[in-house]
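Reader: I would like to learn how to read a protein model step by step. Could we begin with the side chains and then turn to the whole chain?

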Amino acid sequence: MSTVTYGQREVRRSRYAVAAVFAVHGAVTGSFATRVPWIQDHAGVSAGQLGLALAFPALGASVAMPLAGSVSHRFGARTALRGLLALWTLALVLPSLAPNLLTLCLALFVYGATAGMSDVAMNALGVETENRLDRSIMSSLHGMWSAGALIGSAAGTLAAHLGADARLHHMLAAAVLTVTGLVACTWVLDLQPAEDEEPPPRFALPPRSALLIGAVGFCAVFAEGASLDWSAVYLRDELETSAGLAAACTTGFTLTMALARLAGDKVVDRYGAVRVVRVSGVLATLGGLLVVVGGHPAVAMTGFALMGLGIAVVVPLCFAAAGRAGSNPSLAIAGVATITYTSGLVAPSAIGGLAQATSLVVSFGLVTVLACCLVVFAKVLRVGDRDRPKISPSNAGVPDRQS
């Protein structure tokens, strides 16, 4: 292991730097999601073809994620995150440049690959920082991701309302976010492996401890991906709203997710992960029902907002529980990440394919069923309530280790 140590001041500074990185990552997603209708029209693809194309980000992420550990091992956590995050922010411009289905799929594959690798790197640093601080921060870190997504989607809503070309919009957003990300990465923990440490395997099956936890995350990410990618299309096509109002629906969804995640750490500390996820599942299910049966833009937008509130803290709690499950927390975290990204792979294509065969209303009926599963299977996160490792203040500045 590295002999360099960090005190509490450096760890706290890293906590804020990682939070900024999460916000930048989320802003890219929000910037993209609100312009999906424009990208669909520009590429000239149907709902079913769009569903196929939207499977490629998660496919690219699933293929590339195992490489993140090797990159961090070779270059160090800070340098790796800086490079991977910059690739992700710059990849934002690719989908809006695609003129047809084939190029759109290729662009979204690269977009997803860079997203997945930077996601793994920043979550690993987040878990390491949480362990060193000895208090829960993962929900608020993901809250910063949602806050970034909110800022990105708000800018996208304005751009859509003004009828701006998404190519110009995304080029400007990519430039700003790349610079912001590079600056933020300056202060994250610079974790380095020991000289004799073996590099991590490029691929490993998720351990048993991660499977059930990952299944809960699968349901939440499916609902999140469906809402982010299809909420604007749902309002535009099913409820015949304007492009601006359709994009505002995505903004409302990300707003409720951001608020719930920012407040999530205190709520979880008070009531426990299991109880919080059960209540969250009830809210998400109610939101899905409003989307499916509402038939009015205001009702549907309320439903999407409730879904955002309901699923907000589930994925952070899954990562936190994985970090405390089994004998190899790092492998468990990677396993949960793989499962949740698999959900991201399935969700867009499943929603689009089912919509092509039936309607988007039926597609969000499936989302509602999966939201209900959160209520049933919340108990598998109990490990996060009772097995949290404690770190004494005297050991806060421990030698660096690979996350």
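Author: Phe32 is buried, and Tyr111 is buried as well, where buried means under 20% relative accessible area, exposed means over 50%, and partly exposed lies in between, with a 1.4 Å probe and protein chains only. This is a predicted model, in which local features need pLDDT of at least 70 and side-chain atom pairs count only at pLDDT 80 or more, while totals for chains, interfaces and linings use all residues. Residues are numbered from 1 along each chain as its sequence is written, and side-chain values use heavy atoms, with hydrogens and water left out.

Reader: How many aromatic pairs are there by the pairing rule?

Author: Rings of Phe, Tyr and Trp (its six-membered ring) pair if their centres lie within 6.5 Å; planes under 30 degrees apart count as stacked, over 60 as edge-to-face, and the rest as tilted. By this rule there are six aromatic pairs. One of them joins Phe32 and Tyr111, a tilted pair with 5.0 Å centre to centre and 40 degrees between the planes. Because Phe32 lies in helix α1 (residues 8-33) and Tyr111 in helix α8 (residues 101-133), this pair ties together parts that are 79 residues apart in sequence. Helices here are DSSP runs of H or I with at least four residues, strands are runs of E with at least two, and both are numbered from the N terminus. Phe32, Tyr111 and Trp88 form one aromatic cluster.

Reader: Which residues form a nonpolar surface patch?

Author: Patches are made of residues with over 30% relative accessible area and no salt bridge, with like charges joined within 9 Å and nonpolar side chains (Val, Leu, Ile, Met, Phe, Trp, Tyr) within 5 Å. A salt bridge is a side-chain nitrogen of Lys or Arg within 4 Å of a carboxyl oxygen of Asp or Glu. Here Leu59, Val63, Leu94, Leu97, Phe109, Val110 and Met171 make a nonpolar patch of about 530 Å², an area that comes from the Shrake-Rupley method with a 1.4 Å probe, for which only the protein chains shown count as cover for residues. Helices α4 (56-64), α7 (94-97) and α8 each supply at least two of the patch residues. Met171 is found in helix α10 (residues 166-184), and Met171 counts as partly exposed because its relative accessibility is 43%.

Reader: How many helices and strands does the whole protein have?

Author: The protein has 18 helices and zero strands, and buried residues make up 56% of its 403 residues.
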